[in-house]
Amino acid sequence: MTTPDLRGRTAIITGGSRGIGLAIGQRLAEAGANVVLTSRDQDSADAAAAQVDGNALGVAAHVAQDDAAQRCIDLTLERFGSIDILVNNAGTNPAFGPLLDQDHARFAKIFDINLWGPLLWTSCAVKAWMGEHGGAVVNTASIGGLSFAPLMGMYNATKAALIHVTKQLALELSPKVRVNAICPGVVRTRLAEVLWKEHEQALSTAIPLGRIGEPVDVADTVAFLVSDAASWITGQTLVMDGGQILGDATGYRAGSGG
């Protein structure tokens, strides 16, 4: 992918200390953006910032806490002078298992992080900068928000809700702020290990493009969505999953005998 020109812009990436979030930070910095990476503790945030080649700042911020979000917004404006890009990437899944086995504590935690967090940070960014100056927001959803899977019901419900919220925000914040969602399939991250670690080869064989995703695959897509090349795209849900959502490709391939 051609590297977009993001020089002079500043991006905040929540959940940016590893995996997809860190890869996004590295990709946007490569394109010239100033990058702010959040994590729940300062040491992890600092370690992530040290892995970014460019102007990077690590900030400790719990994604679901109002004061933490506002503090990060304030620090970003003080350090870099603008907030042009927000990537709501932080996510969790404490509710792995059947829906009827969940309790309210896990329900509250997963919705706080996966749905309230993106709404909170978008609100803070818009009120502090984007509402007047414009900007681009990308929410990390999942193909689970568009489909169904055993034991993933609660997580997928949060991502389906995030997709809806993305579309609503795209309307409410138009025309100055663009809001889009990305829906990765199975990506090689710690959060998704249970989905691939013990059976990567079998899963890869079933995926039409023959492999699970890497964090950089997602980062490249985000870099496009926040760039001027996507200036007429808002309210959209972009799937990047190697074709996984289409189903098992094995029987369709030439020479399969299917």
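Contact means that heavy atoms lie within 4.5 Å. The structure described here is a predicted model, in which local features need pLDDT of at least 70 and side-chain atom pairs count only at pLDDT 80 or more, while totals for chains, interfaces and linings use all residues. Residues are numbered from 1 along each chain as its sequence is written, and side-chain values use heavy atoms, with hydrogens and water left out. Helices (H or I, at least four residues) and strands (E, at least two) are DSSP runs, numbered from the N terminus.

In the pair formed by α1 and α8, residues G19, I20, A23, I24, R27 and L28 of α1 are in contact with P215, V216, V218, A219, D220, V222 and A223 of α8. By class, this contact of α1 with α8 has ten nonpolar, one polar and two charged residues; Ala, Val, Leu, Ile, Met, Phe, Trp, Tyr, Cys and Pro count as nonpolar, Asp, Glu, Lys and Arg as charged, and the others, Gly among them, as polar. Helix α1 covers residues 19–30 and helix α8 residues 215–225, and the two pack with their axes 8 Å apart at an angle of about 50 degrees. This angle makes α1 oblique to α8. Axes are lines fitted to C-alpha atoms, for helices over the stretch in contact, and angles run from 0 to 180 degrees between N-to-C directions. Angles under 35 degrees count as roughly parallel, over 145 as roughly antiparallel, 65 to 115 as roughly perpendicular and the rest as oblique. The crossing of α1 and α8 is right-handed. A crossing is right-handed if the near helix is turned clockwise from the far one by less than a right angle, and left-handed if anticlockwise.

Helix α3 (residues 66–80) crosses α4 at roughly 40 degrees, and their axes come within 10 Å. At that angle α3 is oblique to α4, and the crossing of α3 and α4 is right-handed. On the α3 side the contact is made by D66, A68, A69, Q70, C72, I73 and L77, and on the α4 side by W116, L120, W121, C124, A125, A128 and W129. The contact of α3 with α4 has twelve nonpolar, one polar and one charged residues.

Helix α4 also packs with helix α5 (residues 153–172), the axes coming within 9 Å and crossing at roughly 20 degrees. That angle makes α4 roughly parallel to α5. The crossing of α4 and α5 is right-handed. Residues F107, I110, F111, N114, L115, P118, L119 and T122 of α4 meet M154, Y155, A157, T158, K159, A161, L162, V165 and L169 of α5. In this contact of α4 with α5 there are 13 nonpolar, three polar and one charged residues.

A search of the whole structure finds one aromatic pair. The pair is formed by F107 and F111 and is tilted, with 4.7 Å from centre to centre and 35 degrees between the planes. Rings of Phe, Tyr and Trp (its six-membered ring) pair if their centres lie within 6.5 Å; planes under 30 degrees apart count as stacked, over 60 as edge-to-face and the rest as tilted. F107 and F111 are separated by about one helical turn because they are four residues apart in helix α4 (residues 104–133). F107 is partly exposed, at a relative accessible area of 37%. Buried means under 20% relative accessible area, exposed over 50%, and partly exposed in between (1.4 Å probe, protein chains only).

Helix α7 (residues 200–206) contains A202, and S204 is also placed in helix α7. A202 counts as exposed at 53% relative accessibility, whereas S204 is buried at 7%. S204 and Q244 are 40 residues apart in sequence and 9.2 Å apart in space, C-alpha to C-alpha. Not counting residues up to four places away in sequence, S204 touches G210, R211 and I212.

Two backbone features lie in loops. Most residues other than glycine have a negative phi, and most peptide bonds are trans. The peptide bond from S174 to P175 is cis, with omega near 0 degrees, and P175 is in the loop between α5 and β6 (177–184). L151 has a positive phi, near 70 degrees, and lies in the loop between β5 (135–140) and α5. At 38% relative accessibility, L151 counts as partly exposed.
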